[in-house]
Amino acid sequence: MKRDSFNRKKRQFRNLANRVNQLIINNEWERLSANTRNRLILKLNLMFRELSRFFSQFELKKILAAAAIFIGFPLASQSQSFAPPQLNPFGLVPDSVDLASPVFADIDHDDDLDLFSGNYGGAMQFYENTGTVTAPLFALPQQNPFGIIIPPGDYHIAFPAFADIDGDGDLDLFIGDIAYERKYDANFQFYENTGTDAAPAFAAPQQNPFGLTPAYIFAMPRFADIDNDGDMDLVAGEGYGNMKFYENTGNETLASFLPPVQNPFGITPAYVMGSPAFADTDHDGDLDLYVGEYPGNMRYFENTGTVTEPSFAPPVTNPFGLVPTNYYNFPAFADLDNDGDEDLLVGEYYGSFQYFKNTEINIGITENPLEVFFDLYPNPATDWVSITLKEDIPGNTWKLFIIDLEGRIVKSGTLNSQKMKLNTDGLSPGVYFVRLIQGEKSYTRKLIVK
């Protein structure tokens with residue numbers, strides 16, 4: 001059945017989250033060994049990242065509840081780092097046709113990520129991952145598998161993207177195109193997956209469904225739940241480097257896209273053409289934007305807003321050790337080695353792939369200054385700190401945690417009133433984080449202990 005594989009993964013995720021929640025509620029979490037806690041945290045993070053590639057974070061965070069304390073332990077931005085690129089790794093064979101536009105998807109539900117890549121002729125190349133979740137190995141490419149049909153015409157460039165747009169448990173395919181014979185209208189072709197979990201089959205394409213309207217010259221799509229409302233929105237790069245945002249006002253089973261908004265949320269145009277990709281590379285719980293542009297540069301837009309109201313900072317070109325690729329830069333993120341961070345594969349002009357391994361190593365936590373819900377005083381603290389809610393909410397109880405820079409809970413308790421005094425004399429001098437959790441709500445502030 002179509003839903004079996006995704007539902008099995010979600011059940012595993014739900015069961016693990018329930019287990020952690022019960023440990024927290026029963027005050028048994030701190031009695032576990034550090035190794036056991038770290039294994040559970042890592043497993044939750046890995047499962048969350050895998051599922052959030054195709055399901056909204058809104059839905060997954062509801063499942064997590066109090067266990068959300070262990071999700072999104074963010075890195076400071078300056079700690080991100082990518083290794084020098086490797087050309088065509090993991091057995092990848094360059095496309096014989098120019099312009100490789102990659103995207104990852106576990107299309108056969110064998111728990112590793114396969115690779116699809118569009119090209120200048122409009123064809124779709126499928127590289128099956130015959131390796132493992134930690135050591136990928138890609139088979140020789142198959143062209144237009146699973147019933148994929150390229151629309152007639154003399155001139156195409158295929159830009160693929162996947163999303164479970166109809167909520168039936170399998171991944172559907174969208175292919176953006178280039179406008180050549182159609183004046184300036186670059187269309188979106190939708191291929192519904194009518195197969196099974198292990199054997200996908202794509203129906204004949206539908207052009208610009210769900211209310212979508214063409215992009216300008218190019219249509220380079222990426223799906224993400226950018227406003228955290230439970231459905232997948234669409235951002236498409238187009239000609240002259242602009243980004244079009246198509247908000248999904250439907251739901252997870254019946255998509256409906258509003259007319260596009262150009263360069264929203266503080267986004268600025270790329271040079272010539274911009275190919276978008278989303279990833280939470282700084283682990284602060286919201287999606288940052290990467291845009292590949294001519295002549296091979298990468299523009300990084302940090303999301304300084306929230307999970308529901310994105311706001312992107314001015315772009316930085318080629319940060320974190322990234323270097324230009326050959327003429328064009330079509331980015332795709334995936335945790336290819338299953339180490340908990342997002343690696344980057346870039347398609348370039350002559351059909352080759354450049355792989356940038358994410359070499360970040362330290363997991364930490366940060367506060368969100370846009371969601372200041374409580375105050376800490378004094379801060380820095382010596383023997384005690386006062387925790388004061390911004391507003392009094394009678395009858396509410398908050399779980400309280402003090403967490404060190406390695407993600408360990410060093411103190412925990414409950415907050416039953418608007419103000420609470422907490423002893424810190426047992427803590428070593430250093431930086432900590434105070435986190436309050438109630439249901440799906442979670443707020444964090446930095447605390448310095450002298």
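How many salt bridges does the count come to? I began my notes with this, keeping in mind that the model is predicted, and I found that the count comes to 4 salt bridges.

**Entry on E238 and K244.** I looked up this pair and saw that the side chains of E238 and K244 meet in a salt bridge, with 3.5 Å from N to O.

**Entry on K357 and D337.** Here the side chains of K357 and D337 form a salt bridge at 2.4 Å, N to O. K357 lies in the loop between β22 (353-356) and β23 (374-377), while D337 lies in the loop between β20 (330-334) and β21 (343-347), so the pair ties together parts that are 20 residues apart in sequence. I recorded K357 as partly exposed, with a relative accessible area of 27%, whereas D337 counts as buried because its relative accessibility is 16%, which is under the 20% cut-off.

**Entry on D375 and R445.** I found another salt bridge between D375 and R445, whose closest N and O atoms are 3.8 Å apart. Since D375 sits in strand β23 and R445 in strand β29 (residues 441-449), the pair ties together parts that are 70 residues apart in sequence. D375 is partly exposed, at 33% relative accessibility.

**Entry on a sheet.** I turned next to an open sheet of 4 strands, which has the order β12-β13-β14-β15 and antiparallel pairing. Its edge strands are β12 (220-224) and β15 (261-262), each of which pairs on one side only. I followed β12 to strand β13 (residues 233-237) and noted antiparallel pairing over 5 bridges, with A224 standing opposite D233 in β13.

Key
Residues numbered from 1 in each chain as written. Predicted model: local features only at pLDDT ≥ 70, side-chain atom pairs only at ≥ 80, totals over all residues. Heavy atoms only, no water. Pairing = 2+ DSSP bridges. Helix = DSSP H or I, 4+ residues; strand = E, 2+ residues; numbered from the N terminus. Buried < 20%, exposed > 50% of the residue type's maximum accessible area, 1.4 Å probe, protein only.
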